[in-house]
Every structure is written in structure tokens, then in C-alpha cells.
Amino acid sequence: MKRFLNFTALAMAVFAIAVTLSSLLTPMQAVPAPILLSQNVNFHPPDVTAPDNRQGGTHRGDACPKDLSIIPLIPKSNDGLTLGESPTFFAYVSQSSTPVEFTLQTDDEEGTEVYKTTFKVDKPGIVEVSIPAIADRQKFLEIGQRYQWSFSVACDDDPSGNYFVNGIVQRIEPQETLKKDLANADPMARAIAYAKNGIWYDTLATLAQMRRLAPDDSAPRAEWTQLLQSQGLESIADQPLVQSFE
């Protein structure tokens, strides 16, 4: 009888311990792990000789509205790289119904015009201009050649009164390691590869396309914001992508 009572007491103790452990473990298992947005698109600017002239590349005529603002999406150096023959250029425009002219020309003494287009911004936000694929192939960007591009608004009959901002773009040939990385079908992986190799315009265009295709996906939006903040563009990092032009 005594042996039976000892066995019963032992069984009850084991049961009590099991219940206690269960009550402790259950809440821990029920708490979901925090979801962290990866910030992998870390832009590594290439070694360039151009000074930080984002502000120096801006001109506002006296006749322009004081609340008109155009901010080009360019790296701090103002000297960005691309791998493409016809890259995409971005700028923030603060006012709706603003007629804007985009110009691309060689960055040399001749200043040969490569492409020009005009458009009207329907609402404030970030606009993008792509050189159309149907353009004359001789007008596509050549490897190693530097080009200057600009967004401008005519505020007066005198061209000197225009408001304009500009930037520099240079097309380069990708190294073999970068070519292999860009063979990845995942657009985020390609954006990471572009950024790691200092390819500014392609990084920006890839993230913009991801945002357009999946507007509810927080990952490309977070990477876009982080990228702009890293280059001193935090004031427009949260602005919407509003229009695309050719």
C-alpha cells in the first residue's frame, strides 16, 4: 500500500511539472517573431573626380515662382553611372501643371544634343524620363562618354531666367562578376548588385519599377527610401512616383 502511495505521489508530481512547463512554453510559442525589413541596397559610390555640385547644378530665374522646386535624383557627387544605352532619369517637381523640358547632351565642348522632350506634370511628385528605344541608335549613350542631362522650366522669355537642374551620367561596361550577379531573375538581387557596384541610375530604375509593379510591397519602398537618404535626398524620399515620360 505504501509503495502504491509513493508511486501515486510521484505521478502527480510529474503531471504538475508538465502542466507548469506547458503554461510557460505556450505563451512563448504564441508570440510571433518580429518582421524586419532588410536594408540590403547599400550604394557604394565609385571614385569620381566631380565635386559635390548638386546645388551648383541648379539655377532659378528671378521670374520663377518661389514655391517651385525641382530636385534631381542624383548621388552626392552628381556623377552617376549606368550600364544601359538608354537610362531613366528622375526628378522631383513640386508643382502641378508645370511644363518641363528634359535635355540630354554630351558633356564636352561641343555639347552635342542627344535627346530632348517636353511634358507637363499633372501633380507634385517624382517624375521619370526614359530615352525611348525607337530613337536613332546613334543617339544612344556610348560607353565611356560622359553626358549632361537637365530638367528645366521656362519662367521668362529670356532663357537666362529659366529654372533648371542638371546631372552627369556615364555609361560603363560591366565586369564579369557583375554580369553574373545581374543574371539573377530576382529584381531585388539585381538592385543590390547595381548598388554594390556604384551603378546609380540602374539601381534607382530597378527599385522604381518594383514599386510600380507592387505598390503594396513595403520592401522596395523601404529600400528606395534608404537609398535616397544615403545620398542626402531625405527631403523627397517619401514622395510618390507620379508620372513616366519619353
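Modeller: The accessible surface of the protein comes to about 14000 Å², and carbon and sulfur atoms contribute 54% of that area. The model is predicted. Of its 246 residues, 41% count as buried, and the protein contains five helices and ten strands. Among contacts with a separation of 6 or more, 70% are between residues 24 or more positions apart.

Four of the strands form an open sheet in the order β2-β4-β7-β10, with mixed pairing. Its edge strands, β2 (70–72) and β10 (241–245), each pair on one side only. From one strand to the next, the twist averages 25°. Within this sheet, β4 pairs with β7 (residues 125–130) in the antiparallel sense over six bridges; A91 has V127 of β7 as its bridge partner. Helix α4 (residues 200–213) packs on the sheet and touches β4, β7 and β10, its direction making about 70° with that of β4.

Apart from neighbours within four places in sequence, S94 is in contact with D67, L68, S69 and P124. Two of these residues meet the side chain of S94 through backbone atoms: a polar atom of that side chain lies 3.1 Å from the backbone oxygen of D67, and the side chain also reaches the backbone nitrogen of S69 at 2.7 Å.

Note on methods
Residues are numbered from 1 along each chain as its sequence is written. This is a predicted model: local features need pLDDT of at least 70, side-chain atom pairs count only at pLDDT 80 or more; totals for chains, interfaces and linings use all residues. Side-chain values use heavy atoms; hydrogens and water are left out. A polar contact is a pair of N or O atoms within 3.5 Å; within protein, one must be able to donate a hydrogen and the other to accept it, and residues adjacent in sequence count only if both atoms are side-chain atoms. Contact means heavy atoms within 4.5 Å. Helices (H or I, at least four residues) and strands (E, at least two) are DSSP runs, numbered from the N terminus. Buried means under 20% relative accessible area, exposed over 50%, partly exposed in between (1.4 Å probe, protein chains only). Accessible areas come from the Shrake-Rupley method with a 1.4 Å probe; for residues, only the protein chains shown count as cover. Two strands pair if DSSP finds at least two bridges between them. Axes are lines fitted to C-alpha atoms, for helices over the stretch in contact, and angles run from 0 to 180 degrees between N-to-C directions.
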